[in-house]
Amino acid sequence: MIRSELARLQRLFRHVVKRDAEREPPSHFFTPEETGRLHRITLDARTALDEQTWHDLLLPAYEEQLAQGTSIFGRQVLHRHLRAGLDDAGCAVLGERLRGLLADPARLDALNLALRPLRYAETEVAGLLFEGEAPQAPAWAGFIWVLPLLLVMSLGLLVTQPLGWIATLAAVAPLMALQISYHRRLEL
């Protein structure tokens with residue numbers, strides 16, 4: 001009886017906690033601005049499609065269908081190829097590479113396994129890698145360590161003083177304001 005229950009719990013635990021190799025990568029949502037950042041950084045205005053043509057050809061929906069199950073990096077490269085296009089020689093070379101890859105399932109599986117960790121990426125980094133300068137931190141960022149210290153001190157006041165909650169609110173409000181207004185920039 002106990003042994004069967006332990007076996008059932010063990011099966012349940014294995015089902016809930018899969019190994020990383022078996023676990024499906026999360027499907028992160030990336031905005032069109034994030035997906036198109038690599039293209040905008042490496043933009044060649046002579047060959048790239050303009051916004052009107054891009055939308056008239058319904059390429060955003062086509063791109064979404066092609067990019068299912070890919071990482072942000074794969075989405076960015078696909079977006080760049082769709083927006084910039086290829087000349088005849090580049091198209092022929094890419095076609096040969098794809099046909100060779102499809103003809104060799106073992107190589108395709110190995111490539112899929114090697115690129116699988118990229119699908120766990122939660123942020124896009126093309127701007128940081130390929131743009132000229134990294135974004136500058138605001139001048140007040142050096143004093144940010146004071147806010148958690150004030151919060152801890154205000155919690156002490158909350159316990160000892162009848163109106164200590166005012167100090168706690170005064171310490172929490174700037175922390176919440178920073179989170180609300182800068183959370184996207186701080187993620188990068």
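This is a predicted model: local features need pLDDT of at least 70, side-chain atom pairs count only at pLDDT 80 or more; totals for chains, interfaces and linings use all residues.
Helices here are DSSP runs of at least four residues, numbered from the N terminus.

**Overall picture**

- Going from the N terminus, the element order is α-α-α-α-α-α-α-α-α-α-α.
- The chain has 188 residues, and buried ones make up 18% of them.
- If you look at contacts with a separation of 6 or more, 67% of them link residues 24 or more positions apart.

**The largest pocket**

- Four helices each put at least two residues into the lining: α5 (59-66), α6 (72-84), α7 (88-103) and α8 (105-115).
- Of the contributing elements, α6 gives the most, with seven lining residues.
- Sorted by class, the lining has 17 nonpolar residues, along with six polar and four charged ones.

**How α7 meets α8**

- These two helices pack with their axes 5 Å apart, at an angle of about 100 degrees.
- Angles of 65 to 115 degrees count as roughly perpendicular, so that is the label α7 and α8 get relative to each other.
- On the α7 side, the contact is made by R97, G100, L101, L102 and A103, while α8 brings in P105, R107, L108 and L111.
- By class, this contact has six nonpolar residues, one polar and two charged.

- Once residues up to four places away in sequence are set aside, S71 touches L118 and R119.
- L58 sits in another loop, the one between α4 (51-56) and α5.
- At a relative accessible area of 60%, L58 is exposed.
- The backbone at L58 deserves a look: its phi is near 55 degrees, a positive value in a residue other than glycine. For context, most residues other than glycine have a negative phi.

**A84 in α6**

- A84 belongs to helix α6, the helix that gives the most to the lining of the largest pocket.
- Its relative accessibility is 25%, so A84 is classed as partly exposed.
- A84 is in contact with H39, T47 and A48, leaving aside its neighbours within four places in sequence.
- The C-alpha atoms of A84 and D50 are separated by 9.7 Å, and the two residues are 34 residues apart along the chain.

**L158 in α10**

- L158 is part of helix α10, which covers residues 146-160.
- With a relative accessible area of 38%, L158 is partly exposed.
- Beyond its neighbours within four places in sequence, L158 is in contact with G164, W165 and T168.
- For T168, the C-alpha to C-alpha distance from L158 is 6.9 Å, at 10 residues apart in sequence.

Notes: Residues are numbered from 1 along each chain as its sequence is written. Side-chain values use heavy atoms; hydrogens and water are left out. Ala, Val, Leu, Ile, Met, Phe, Trp, Tyr, Cys and Pro count as nonpolar, Asp, Glu, Lys and Arg as charged, and the others, Gly among them, as polar. Axes are lines fitted to C-alpha atoms, for helices over the stretch in contact, and angles run from 0 to 180 degrees between N-to-C directions. Angles under 35 degrees count as roughly parallel, over 145 as roughly antiparallel, 65 to 115 as roughly perpendicular and the rest as oblique. Contact means heavy atoms within 4.5 Å. Buried means under 20% relative accessible area, exposed over 50%, partly exposed in between (1.4 Å probe, protein chains only).
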